[in-house]
Structures are given as C-alpha cells and as structure tokens.
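Welcome, and thanks for taking a look at this one. Please have the sequence and the 3D view open side by side as you read.

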Amino acid sequence: MPLPIFDFVIVGAGSAGCVLASRLTEDPSIRVLLLEAGPADDAPGIRIPAMTTSLFGSEVDWGYELDQQAPNYQGTAVYPRGRTLGGSSSINMMIYIRGNRADFDEWAASSCLGWDYNSVLPYFVRAEHNSRLAGPLHGTDGPLHVEDRPFTHELSAAWVEAAVAWGLPRNDDFNGAAQTGAGEYQVTCHGGRRWSAADAYLRPALDRPNLTIKTGAHVTRILFDGTRAVGVEYLRDGTSESARVGSEVLLSGGSINSPQLLMLSGVGPADHLRSHGIPVLADLPGVGRNLHDHTFTPLVWETRDHPDLLELATPENMAAWQNDGSGPFASNAGETGGYLSSQGGDLPDVQFIIGPTAFVHHGRTQLEMPNITTVISPTRPASRGQVTLRSADPFAAPSIDPRYFTEPGDLAVAVSGLWAALDIASQGPLARHLRGLRLPAGATKADSTDLAEHARRQSQTSYHPVGTCAMGTHDHAVVDPELKVRGIDGLRVIDASVMPVITRGNTNAPTIMIAEKAAELIKA
Ligand SMILES: Cc1cc2nc3c(=O)[nH]c(=O)nc-3n(C[C@H](O)[C@H](O)[C@H](O)COP(=O)(O)OP(=O)(O)OC[C@H]3O[C@@H](n4cnc5c(N)ncnc54)[C@H](O)[C@@H]3O)c2cc1C
C-alpha cells in the first residue's frame, strides 16, 4: 500500500501548529496533515476563563514534573503543558502580551536576521482582532480575538490605583508605545470565552478538503532519507502509522516536546544520543539546551471587604457566564498588573500579575479566604537549563531542568520586585482593603534575605519555557533564521522553542507571530 503523501506534516496542534495549518491551507493546492497527540478540545473548562486551573493534571495536560532542583529553587515541580487542539493556548491564562520591542531587536542583533521589531510587527497585527485598540500597532480583523475582560474584580482594579499612587504610570496598552506601567491586561477571549489558537485558526479551516487533522496521534519519530526529512511515524489507537511528505515536516510540539522528538530521531547532542543508543544523524549540541522560563513568585494578602474569586463561583454567576460571557467566570485570574524597571531605564525587568484569590502552587494550595495575590516575574532571566532524554522511549517524559535562580542576578531581581509589591500594597487605594500578609506571614518585618528565601521556596514556573531549539547562526543554534533545522533538509521547527531569548512577557502572542511569519516564509 503506498503511504499517503502530503505536502506538509505538522507535528502538534498548539499555538504555532494551528496557525501553520490554517495559513498553509489557504492555498487549496497545498495538502497538510496536522497530527496532535492529545484529544479534541471539548474538555469542560477550556472555554470558561476562570476554570483554567481545573485543566491542570487532566487529560489535556502532559502532566510534566521538573527534575529535582538544586537548593536555588525549592518551589513546586508541577509543569503543565497543553495536550489538545490549541495546545497550551487551550489551558493558558489568556494574557495578551507581545513582549518589548527591544526583545525582537535583540534577536535580530544576535544573528536572527529579519526578526527585528519592525519586521515582526506586521505579523502581530495580521493575527490580531482587538476589540478596543486599532492601527498602526494593532489589528482589528485578524483571527485572534483580543479583548478587555468583561469582569475585573474591585481589588484587582484597586491594585492598579495603588501602583499609580506609588509612581508607576497608568498604562492601557502594554503592547503599545511603552510597556512600563500599571493597568488591566487584555486577554485572548471573545465575549468572555477563551479564544485559543484552535478557535482562532483551526475551526475556520475545518472544512477545507486539503487539511487533514488527526487527534490522538502521538508522533514517535521523524523519518529521514539520508539527511532529508521525508515523513513521520506516529501511534494512534494503538497502531503505528506513517505519513510521507512531499515538501517539509514542520515540528510544532512546543519547547519541551520539539527537542525531545528531534533527539529521539537522531538530531541533537551526539554524546547524549549515543548514551541512549540512538544513532546520530546530525550532531546539534544546542538541541534541548538554553531552556529558560519566567519564574512566578506569589505574595498573598488576606483581604477584608470583598469576596474572593473562588467565593464568587456560584450557580447564579455561572448562569450569567453561560448567558452572555459576563461575571466572575470570565475572569482569567491574572486580571491586572504591569511592568517595572526596578533599576531605572526604559526596559522593564519585573512583571506583576494580580489575581483576586490565592494563587499558590498552580492554585492547588488552598488558603483561608478571601485573598489577593501579587505575582512577581523577572522578565529576562539569565539562568539556563535543559531538556534531555530520560530514555529512548518516545512515551517516557523527558527530563526538564530549568535551573531557576542559578544565576544570582535572577533572585536579586525577584527580591526587588517583591519589595516593590510590598510598597504598592501599602498605598491607600489597596491598603484599605487588606488585613495583612498571609504568604509569607509576617513579611512586613522581612529583610531581603527572607524575601530571597520566600522566592526560592514559593516560586513556580510562569509556564513560558522557550529557547530549546534556538534560532541563530552560531554553533548552538538549532534552526536558522528561516527556522530550518541546521544540517537537515525538509525540516523546520516552528514554536516557542525557537526563541533565542525569552520575550519580556507572556509567550503565546509571540509564538503565534513566529508561526505567522514562518507560514509566509514557507509559502515564499
Ligand atoms: C498554564 C499555562 C498558562 C499560560 N499563560 C499564558 C498567558 O496568560 N499568556 C500567554 O501569552 N502565554 C501563556 N502561556 C504560554 C503560552 O500558552 C505558550 O507559550 C504557547 O502556547 C506555546 O505554544 P507552542 O506552539 O510552542 O506549544 P504548545 O501550544 O504547547 O503546542 C504544542 C502541541 O504539540 C503537541 N505535541 C507535542 N508533542 C507531540 C507529539 N510527539 N506528537 C503529536 N503532538 C505533539 C502538544 O500536545 C501540543 O498540543 C501559558 C502556558 C500554560 C501552560
């Protein structure tokens, strides 16, 4: 039996894979197969913004755990990644942030020609369908809905007033002219409902005869003829199947799974592959290296006069959300926040995210209510870790070792952010609603050593791994600026893993931008 031939096979229907599948099949002559390991995205809770944490540990989460970390980091090991149509955009917190324009200029300066801010801006704009903001920096007719949340808790709004009273400028567009300041986050939602990459890009393309989508299809290996990728092997319903491509294999498995699949297929650091008995096709030492991620350190206060978001989870409020997407169930939990340059200058080194509930250990640690959380996230961590294979078994989870806080400067920035958050909370507009700190208890008498210890113990991932198949032209680059795997033909990596350095902010929008630009590079 001849194997089916497609022009492109896309591995992974996440933020990037959905964009590629949609954009490539706009041309009816291009035949695309999209393979997704997880199930369809009909899990209860995906659409309801306030239900995000209920998806962690479910069948739409890979359920990864970090390796045992050095004493620098003793926070939680839980490491959610989306495993369904839409990928992590189906389980994320929906904050719409592109990053700082300097991030992209720095990419370009570090050998990623064509990825400077002016070159990538058109792809952000093309993707976007903003309900409030318009050109030249915003798009209003793209597939990705971005809106002001229909519900913002009074205390999240009070934090913004407190931050402004403390001295941060008010900012009503973190993706506009300036990133620094305090304000409400816009979200990738439409009418109070999550708007994932699958909603934006895949659903409108479902009827195209040139697009085949298979869920429950776990790709186990990329197939090669010499050093040319010619297809993939995948397991579906317990049966091993193959698909051949006429043009290219596009790897969009995300920052953990893309390097894993490359290594399983013989592309990666030669010594590491040999140690698992995997024949080496291309010795690319950068595969899986350069893992970095934002950390997320919470401060939690007990509040006095407003119900906690969890206390607002009533049948009446659910009925309101079902009716028109309004009310507390439209909350993405990280409602307001902002950016601070703790050392001065224009480039922020701290991001704040504010939630009107206790958000500790992925929402799994329950505290007495009501509460408000300020999360501190250093925007440009210097610590670097790695993703490596535990085994040559494609179904075994890889080893994930982000080495948080191994660069002491990262902990110092986190502590600066914690001090600033404590100061902001002492300002009248917020202070009048607070009873006192619950986590860490007694921090009003804390010193920097106590705050550093708090960061080491209570931090978690901010869910933004990048860099493990970094773009560039240097020896540790995995893909070139056209996202082609170096030393291999017919294979590109297109997802968050190609970011050479993390952006100053949440990573969904820049991943979608990367895929928009890649689709155009491929079509050209
Ligand atoms: C809990 C959480 C909260 C977040 N909050 C925000 C936020 O508020 N704002 C923001 O901007 N960003 C946020 N992010 C980050 C953002 O969602 C990701 O950076 C982005 O979705 C990454 O896109 P990707 O295409 O690289 O990977 P993913 O979207 O993770 O897609 C990878 C896809 O590939 C599939 N796959 C992997 N391996 C295989 C295989 N072998 N065979 C077949 N399929 C495979 C996966 O199942 C998945 O569907 C969050 C992420 C998480 C997990």
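What follows is a short report on the ligand site and on one tyrosine in this predicted model.

**The ligand site**

The ligand is surrounded by 38 residues, and the closest are Ser15, Glu36, Ser88, Thr507 and Asn508. By residue class, this shell divides into 15 nonpolar, 19 polar and four charged residues.

| Protein side | Ligand atom | Distance |
|---|---|---|
| Ala16, backbone N or O atom | oxygen | 3.0 Å |
| Asn92, side-chain N or O atom | oxygen | 3.1 Å |
| Asn257, side-chain N or O atom | nitrogen | 3.0 Å |

Taken alone, the ligand exposes 1,000 Å², and the protein buries 98% of that area. Which elements give two or more residues to the shell? They are α1 (15-24), β12 (217-225), α6 (254-264) and α12 (508-523). The strand β12 gives the most, with three residues.

**A look at Tyr123**

Now for the tyrosine. Tyr123 is part of helix α3, which covers residues 117-127. Is Tyr123 buried or exposed? Its relative accessibility is 10%, so Tyr123 counts as buried, the cut-off being under 20%.

Leaving aside residues up to four places away in sequence, Tyr123 touches Met513, Glu516, Lys517 and Glu520. With Glu520, the side chain of Tyr123 also makes a polar contact of 2.7 Å.

Key:
Residues are numbered from 1 along each chain as its sequence is written. This is a predicted model: local features need pLDDT of at least 70, side-chain atom pairs count only at pLDDT 80 or more; totals for chains, interfaces and linings use all residues. Side-chain values use heavy atoms; hydrogens and water are left out. Helices (H or I, at least four residues) and strands (E, at least two) are DSSP runs, numbered from the N terminus. Buried means under 20% relative accessible area, exposed over 50%, partly exposed in between (1.4 Å probe, protein chains only). Contact means heavy atoms within 4.5 Å. A polar contact is a pair of N or O atoms within 3.5 Å; within protein, one must be able to donate a hydrogen and the other to accept it, and residues adjacent in sequence count only if both atoms are side-chain atoms. A residue is near a molecule or strand if one of its heavy atoms lies within 4 Å of it. Accessible areas come from the Shrake-Rupley method with a 1.4 Å probe; for residues, only the protein chains shown count as cover. Ala, Val, Leu, Ile, Met, Phe, Trp, Tyr, Cys and Pro count as nonpolar, Asp, Glu, Lys and Arg as charged, and the others, Gly among them, as polar.
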